[in-house]
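Hi,

Here is the structure I promised to pass on to you.

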Amino acid sequence: MIKLQNVEKTIKRKTVIKNINLAINPNDFILLKGHNGCGKTMLLRLIAGLISPSAGEIHNDEEYTYGVIIENPTFLLGESAFYNLKYLAEINNKVSKEDILDLMKKLNLYEVRNKKVRSFSLGMKQRLAIIQAIMERPDVLLLDEPFNAIDDDNLGIIYDMLNQYSRDGHTIIIASHGDYSEHCNFNRIISMSDGSIKNDTSNR
């Protein structure tokens, strides 16, 4: 379990996350909803440990691994798609070349695996980012607007992939201003506004 207790974040004297109390259970599949600027991205950063809270505490029951897409993923634009994924995979050596290529096939990037990322459309970069986030099969996936600019055919593949990942026992939080309940098997929907959680409901 990941537990946030009275968590706040202040940046340049402005409190952007306000008194968050939240328990994230193993195998939760959460839709974090809210308009742009409501604090969704900042909350994901706090959960991932990319930033520290200004007040309150974040506790983890165990040492979780994280796969993260937050805002614009950074790639080596002058290198190929496959090179980028292989380069990242070599940091922890948890995923093989064959595993990477298999995911590229699933998300229809295999045929362009040797093309430089700078030639990719936004949707292609987004699919590459999803592979990067999921390829080491982390305990927790934190995805900020992961469906942006992706065509319908590949969206269906990604929905199926995330639903299966949830069924396999992983925790997933998707932050979005849209509602994807028709496609993703969320068990919780959390609504944010003005840096605070306004509603947390079970969807099962």
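Below is what turned up, topic by topic.

First, some ground rules: this is a predicted model, where local features need pLDDT of at least 70 and side-chain atom pairs count only at pLDDT 80 or more, while totals for chains, interfaces and linings use all residues. Residues are numbered from 1 along each chain as its sequence is written, and side-chain values use heavy atoms, with hydrogens and water left out.

Salt bridges

A salt bridge here is a side-chain nitrogen of Lys or Arg within 4 Å of a carboxyl oxygen of Asp or Glu. The whole structure has 7 of them. One joins the side chains of Lys 18 and Asp 194, at 3.0 Å from N to O. Lys 18 sits in strand β2 (residues 14-24) and Asp 194 in the loop between β8 and β9, so this pair ties together parts that are 176 residues apart in sequence. (Helices, H or I with at least four residues, and strands, E with at least two, are DSSP runs numbered from the N terminus.)

Next, look at Arg 188. Asp 28 pairs with Arg 188 in a salt bridge, with the closest N and O atoms 2.8 Å apart. Because Asp 28 is in the loop between β2 and β3 (29-33) and Arg 188 is in strand β8, the pair ties together parts 160 residues apart in sequence. Both Asp 28 and Arg 188 are buried, where buried means under 20% relative accessible area, exposed over 50%, and partly exposed in between (1.4 Å probe, protein chains only). Arg 188 also forms a salt bridge with Asp 200, and there the closest N and O atoms are 2.5 Å apart. That pair links strand β8 with strand β9, 12 residues apart. Through shared partners, Asp 28, Arg 188 and Asp 200 make up one network. Asp 200 itself is partly exposed, at 35% relative accessible area.

Cysteines

How many disulfides does the structure hold? It holds 0, with a disulfide being a pair of cysteine sulfur atoms within 2.5 Å. For Cys 38, the closest cysteine sulfur is in Cys 184, and at 18 Å that is too far for a bond. Cys 38 is buried at 1% relative accessible area, and Cys 184 is buried too, at 2%.

Helix α3

The buried residues of helix α3 (residues 97-106) are Ile 100, Leu 101, Leu 103 and Met 104. They lie on the same side of α3, because they cover an arc of only 160 degrees around the axis (the arc is that of the directions from the helix axis to the C-beta atoms). Their cover includes α2, α4 (122-134) and α5, counting contact as heavy atoms within 4.5 Å.

Most residues other than glycine have a negative phi. Here are some with a positive one. Asn 108, which follows α3, has a phi near 55 degrees. Asp 194, the salt-bridge partner of Lys 18, also has a phi near 55 degrees. Glu 145 has a phi of about 50 degrees and lies in the loop between β6 (140-144) and α5 (152-167). Glu 145 counts as buried, at 12% relative accessibility.
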